[in-house]
Amino acid sequence: MEMETRYSPAWLPAALLAAVAIIGVLATALVVQKGKAPHKQQLVGDVVQQQHYEWKMVTTWPKNFPGLGLAPENFAKMVNTMSNGRLTVSVHGANEIVPALGVFGAVSSGSVQMGHSAAYYWKGKIPAAVFFTSVPFGMNAQELNGWLHYGGGLELWRETYAPFNLIPFAAGNTGVQMGGWFNKEINSINDLQGLKMRIPGLGGEVFSRAGGTAVNIPGGELYTSLQSGVIDATEWVGPYNDLAFGFHQIAKYYYYPGWHEPGPTLEIIVNKDAYNSLPEDLQKIIEVAARAVNQDMLDEYTARNNAALVELVEKHNVDVRPYPDDVIASLKTLSEEVFAELAAEDKQFAKVYASYSDYLTKVRKYHEISEEAYFEKR
């Protein structure tokens, strides 16, 4: 015997239930949202068939690469499921449609609807973009998420990208990264002199100021570049991804911490015209799926990095070393100089930097008596 409920009583005739359902669907379809034209729908018999949208997402990562490459795949699955197939997203890895670092331009121009990458890759055209990934000695993942979603950071991000017809969403974080792979010991700041290192973002600016040469190379080219001597050192992410790329086979020393990327956020960027063509429920689905992927990636890296580090050390005998304190101190001083100079040169950089710095100053005070105090005692 079926249980009766206030929503579907057993005594209500089946025909009436069907009529109510059809009326509800028709009523939903006829709603015109204020200030927006209704999206196209097709009436088939007595039932409304809603429009389907097929989008392409290009990424900076190799297809299905652990962590970074799986995040856009997970996002696409979520969107398809939550929209009941009304919005489907096909994911394309680096170089399938556009080069790894061609994501921004492709989405901005509208040749594809969305992309997954990292904002600091675009610092050449948008200096302020670096704050929306990670900056040297800046916020960790937890702090950055707080600034973006409750401290005005996301609004500044969208303001910064608006001239490029883009809407950004936070969509992943690896947590604090490692400092990099080297084939020479780093005992002082002088040991960075003349080194060619793959290190993007403002970390690259600081590294160059320390006497090295910063190179921005996509992840898929790093192994061969390090192996062939095109670069002398590289940072990538952390043990989980670095093990997958096999850097332990061609580099001896693995330094920490990742002073240059203490909490790098990844981004989903959506072409504004494409986004505005969607009904509001599908727009909300994109927002919610991005937020879910943002947290899910951080969870995955937290779980995977330790096991990968154990394998690197115990199976592959990788020499894991801390940067000397005086090297870190020198890099921090150089970082502050870079911030000050860029803020003086670019108004949007200065505006975002002011918000970022203010939030970091305040959250640091709390974390000194919460997170840091707990870690110290644990």
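## Confidence of the model

The mean pLDDT of the protein chain is 90, and 87% of its residues reach 70 or more. Here pLDDT is the predictor's confidence in each residue, from 0 to 100. This is a predicted model: local features need pLDDT of at least 70, side-chain atom pairs count only at pLDDT 80 or more, and totals for chains, interfaces and linings use all residues. Residues are numbered from 1 along each chain as its sequence is written, and side-chain values use heavy atoms, with hydrogens and water left out.

Two stretches need caution. Over residues 1-40 the pLDDT is below 50. Beyond near neighbours in sequence, this stretch has 21 contacts in the model, a contact being heavy atoms within 4.5 Å. Over residues 43-48 the pLDDT is also below 50. That stretch has eleven contacts beyond near neighbours in sequence.

## Overall make-up

The protein chain holds 13 helices and 13 strands. These are DSSP runs, numbered from the N terminus: helices are H or I with at least four residues, strands are E with at least two.

Of the 378 residues in the protein chain, 48% are buried. Buried means under 20% relative accessible area, exposed over 50%, and partly exposed in between (1.4 Å probe, protein chains only). Take the contacts in the protein chain with a separation of 6 or more: residues 24 or more positions apart account for 77% of them.

## Helix α5

Helix α5 spans residues 153-161. Its buried residues are G153, L154, L156, W157, T160 and Y161. They lie on the same side of α5, because they cover an arc of only 160° around the axis. The arc is that of the directions from the helix axis to the C-beta atoms. An α-helix has 3.6 residues a turn, so residues three or four places apart point the same way.

The buried residues of α5 pack against α3 (103-109), α4 (141-150), β6 (166-173), β12 (265-271) and α12.

## Helix α6

In α6 (residues 201-209), the buried residues are G201, L202, G203, G204, V206 and F207. Their cover includes β8 (196-198), β9 (213-215), α11 (325-345) and α12 (347-369). Just after α6 comes G211, with a positive phi of about 110°.

## Helices α11 and α12

The axes of α11 and α12 come within 5 Å and cross at roughly 130°. Axes are lines fitted to C-alpha atoms, for helices over the stretch in contact, and angles run from 0 to 180 degrees between N-to-C directions.

From α11, F339, L342, A343 and E345 meet K347, F349, A350 and Y353 of α12. The residues of this contact divide into six nonpolar, no polar and two charged. Ala, Val, Leu, Ile, Met, Phe, Trp, Tyr, Cys and Pro count as nonpolar, Asp, Glu, Lys and Arg as charged, and the others, Gly among them, as polar.

## Backbone details in loops

A cis peptide bond joins Y256 and P257, with omega of about 0°. P257 sits in the loop between β11 (253-256) and β12.

N84 is not a glycine, yet has a positive phi of about 55°. N84 is in the loop between α2 (70-82) and β4 (87-92). At 69% relative accessibility, N84 counts as exposed.

N317 is not a glycine either, and has a positive phi of about 55°. The loop between α10 (280-314) and β13 (319-322) holds N317. N317 is exposed, with a relative accessible area of 63%.
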